[in-house]
Amino acid sequence: MPNMALNKVKMPEQNPDIRNKNFKEVALGYDEAMAVEEAQRCLNCKHKPCVAGCPVNVKIPEFIQLVADGKFEEAYYKIRETNSLPAVCGRVCPQETQCEQLCVRAKKGESVGIGRLERFVADWYMANCKTDETRPRSNGIKVAVVGSGPSGLTCAGDLAKLGYEVTIFEAFHVPGGVLMYGIPEFRLPKALVQKEIQTVKNLGVNIQTNMVIGKVLTIDDLKSEGYKAVFIGSGAGLPSFMSIPGENLNGVYSANEFLTRINLMSAYKFPDTDTPVFVGRNVAVVGGGNVAMDAARSAKRLGAENVYIVYRRSEAEMPARLEEVHHAKEEGIILKVLTNPKQILGTEDGWVKGMECVEMELGEPDKSGRRRPVEKKGSEHIIDLETVIMSIGQSPNPLISSTTPGLDIQSWGGIIVEEETGATSKSGVYAGGDAVTGAATVILAMGAGKKAAEAIDRYIKGE
Amino acid sequence: MYKIVRKEILNPSVVLMDIEAPYIARKAEPGQFIIFRIDEAGERIPLTIADYDREKGTVTIIFQIVGKSTRALAEMSEGEALLDFVGPLGVASHLEGYKKVAVIGGGLGAAIAYPQAKKLHALGAEVHAITGFRNKDLIILEKEMEFVSDKLVVATDDGSNGNKGFVTNVLKQLIEEGNKYDLVIAIGPLVMMKAVSNLTREYGIKTLVSMNPIMIDGTGMCGGCRLTVGGKTKFACVDGPDFDGHEVDFDEAMRRQGMYKKQEGKSTELHACKLGGVTNA
């Protein structure tokens, strides 16, 4: 008999007033009893609507039944059949708009906590089991993957399972891409990301760090070195700025730089680590996405008294996950919505001292379907600030597209691919993730990596 | 890991190292840079490539001890290895098609100007090299520079090498003497590059400067290295590091360079307490 409670088993969390001063994980995870109780809420529907909502088609009802039966290790292997990074996905996937949105239980009450259960299973496995995955037998065929973020890791893992000898080339000094430099420790602990990457390495995937493809080797070089196919998962690169006066003042960061300093370079431990970061008493983050929330919550943890999210539309239009906005507000982040920056003001010696903003109101819907914000005349005002973080998106990095003849790109820089396969205009070269779509989610990038792995296999087999 | 195969102390605060990095050595060109990191807690530091040997698979870096990381690097010995060494980053200098070029290196800038002079010389351009140092004890690469130039003037601020003056004075004199340069390359401290650019603007001589702002990834991802060039924001790591000296906003670049002065001081101080001085390997 299923557990018919209308709500998910509550996720234990650090108290907001304590957690906004540390970088430890906010959500603490289910224990075994909680996981079993939540798993029992699953109706094990025959038509499995949840699976269709998952970009990597995790066998959701099957793994949840295994959890309900207390077979946690088996549940882990069930997830791993289609998903290389369950501990990551259980934490950062927007389940509410994917698998959980389609859950039958969500019609009356809350959906099954699929993400929470996935996280539990992955964490339980890492804590209790010895990773002993026997390597698939090699077929001797070399495939190169550029970038070790979610799409690259997924593509590499899936190809390795099929017997390919996969080498990932990573530009940074550690693998993980956005999982390492972008998403903060308090949402996705870095030690855990590395453990999960180790499981991909255990499949025989070789990861070479400090290799900037497009510079040290081009895509054509890789092909002439014997790689039969190449997958490009190089991510979104160049941060966007607003082109308003004052953006080059000291104290203005792109969210990329601010988060990379803190996450990848551990600036929050400075001076025990060598990379500094500057956080003033008053900080504004411009933008309303998940990255903006991450930057704001990081600034708060680094001691800023007042942290504002400055967003030109209203809270309802914010692209960030509800849960992230909720967490940010709990931690004392101040939302200044319907507000748009006009210019950043500086001191005589070139440091940020404030930002002139204007109030906005919502007009007619624009082409994104959201109501277009328009300026309210005479509503200009100044916010006193020492730090401004621009979190208004990014465009794909041109290092690869500019050095790969025959690779077609969109006018905004994204690599053009065939949607179902990830095939680019260049034979044997595939692409996926943010390098194709512009900034999107971890799981969509993983889905693209997965599809490309299947297509690469077919391509090499000559189908 | 990237092994230090040769270490040479060029002057009390400037060190040369050949680093084993065959992939980078194969592709490196003058004007490009690398980023190194010493250990797990280390920061990512960009350094312009001073030379490379494609056959030996080594990349030469020449650096000045200015902060914690460069000091720690200087304290390493031949045979030891750097944790991370990535490159070649940035756009290579466009040096083709020039007839007569003045290549100017101020202080450590001489190390970065050297590969440019070498390449220009190899391409058949007439190269006039001008290097400037605070005093004669700080002079570096004199022989090397002489070898790749048709004329070399080494100036010191205090005249201790018998030739007192700034590189700008030397350049002005050479121009006034009738030397017609179709390009000036100026590499060194921001104030020096600014002064040279101001001078050459008067004469209408195209001038390239090499910018080395604070950066993290060096691949265009963080935007920390942004500069204003010709009124537009540019990223030194992917748009540069060479820029038209007449277009660069040097005052802004100088302000941005000082962004972490306070924190760096703290970090260097802590480090200095733990370690001694620099020795040859």
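This report describes salt bridges, helix packing, a surface patch and backbone features in a predicted model.

Local features were considered at pLDDT of at least 70 and side-chain atom pairs only at pLDDT 80 or more, while totals for chains, interfaces and linings use all residues; side-chain values rest on heavy atoms, with hydrogens and water left out. Residues are numbered from 1 along each chain as its sequence is written, and chains are lettered from A and ligands numbered from 1 in the order in which they are written.

## Salt bridges

Over all chains, the whole structure holds 43 salt bridges, a salt bridge being a side-chain nitrogen of Lys or Arg within 4 Å of a carboxyl oxygen of Asp or Glu.

| Pair | N to O distance |
|---|---|
| A:Lys59 and A:Glu81 | 2.5 Å |
| B:Asp84 and B:Arg37 | 2.8 Å |
| B:Asp137 and B:Lys136 | 3.9 Å |

In chain A, the side chains of A:Lys59 and A:Glu81 meet in a salt bridge. A:Lys59 belongs to the loop between α3 (49-52) and α4 (60-68), and A:Glu81 to the loop between α5 (72-80) and α6 (86-92), so this pair ties together parts that are 22 residues apart in sequence. Helices here are DSSP runs of H or I with at least four residues, strands are runs of E with at least two, and both are numbered from the N terminus. A:Lys59 is partly exposed at 28% relative accessibility, and A:Glu81 is likewise partly exposed, at 39%. These classes follow relative accessible area: buried is under 20%, exposed is over 50%, and partly exposed lies in between, with a 1.4 Å probe and protein chains only.

In chain B, B:Asp84 forms a salt bridge with B:Arg37. B:Asp84 lies in strand β7 (residues 84-89) and B:Arg37 in strand β3 (residues 33-37), so the pair ties together parts that are 47 residues apart in sequence. Both partners are buried: B:Asp84 has a relative accessible area of 5%, and B:Arg37 has one of 3%.

B:Asp137 is exposed at 52% relative accessibility, whereas B:Lys136 is partly exposed at 46%.

Chain A also contains a network of salt bridges that links A:Glu13, A:Arg19, A:Arg187, A:Asp294, A:Arg297, A:Arg301, A:Glu324, A:Glu330 and A:Glu331.

Helix α6 (residues 190-203) and helix α8 (residues 250-257) of chain B pack at an angle of about 180°, and their axes are 10 Å apart. The axes are lines fitted to C-alpha atoms, for helices over the stretch in contact, and angles run from 0 to 180 degrees between N-to-C directions. The two helices are therefore roughly antiparallel, a class that covers angles over 145 degrees, with under 35 counted as roughly parallel, 65 to 115 as roughly perpendicular and the rest as oblique. On the α6(B) side the contact is made by B:Leu190, B:Val191, B:Met193, B:Lys194 and B:Ser197, and on the α8(B) side by B:Phe250, B:Asp251, B:Ala253, B:Met254 and B:Gln257. Contact denotes heavy atoms within 4.5 Å.

B:Tyr114 is part of helix α3 (residues 109-122) of chain B and is buried at 11% relative accessibility. Leaving aside neighbours within four places in sequence, B:Tyr114 is in contact with B:Ala50, B:Asp51, B:Leu141, B:Glu144, B:Met145 and B:Val148. B:Val148 is 34 residues from B:Tyr114 in sequence, with a C-alpha to C-alpha distance of 8.2 Å.

## Surface patch in chain A

A:Met1, A:Met4 and A:Leu43 form a nonpolar surface patch with about 380 Å² of accessible area together. Patches are made of residues with over 30% relative accessible area and no salt bridge; like charges are joined within 9 Å and nonpolar side chains (Val, Leu, Ile, Met, Phe, Trp, Tyr) within 5 Å. Accessible areas come from the Shrake-Rupley method with a 1.4 Å probe, and for residues only the protein chains shown count as cover. A:Met1 is located in the segment before α1 (16-19) and is exposed, with a relative accessible area of 92%.

## Backbone features

Most residues other than glycine have a negative phi, and most peptide bonds are trans. The bond from A:Phe270 to A:Pro271 is cis, with omega near 5°, and A:Pro271 lies in the loop between α12 (255-263) and β7 (282-286) of chain A. The bond from B:Gly87 to B:Pro88 is also cis, with omega near -10°; B:Pro88 lies in strand β7 of chain B.

A:Asn210, although not a glycine, has a positive phi of about 60°. A:Asn210 occupies the loop between β3 (206-208) and α11 (219-224) and is buried at 3% relative accessibility. A:Ser243 also has a positive phi of about 60°; A:Ser243 is found in the loop between β5 (236-239) and β6 (252-254) and is exposed at 71%.
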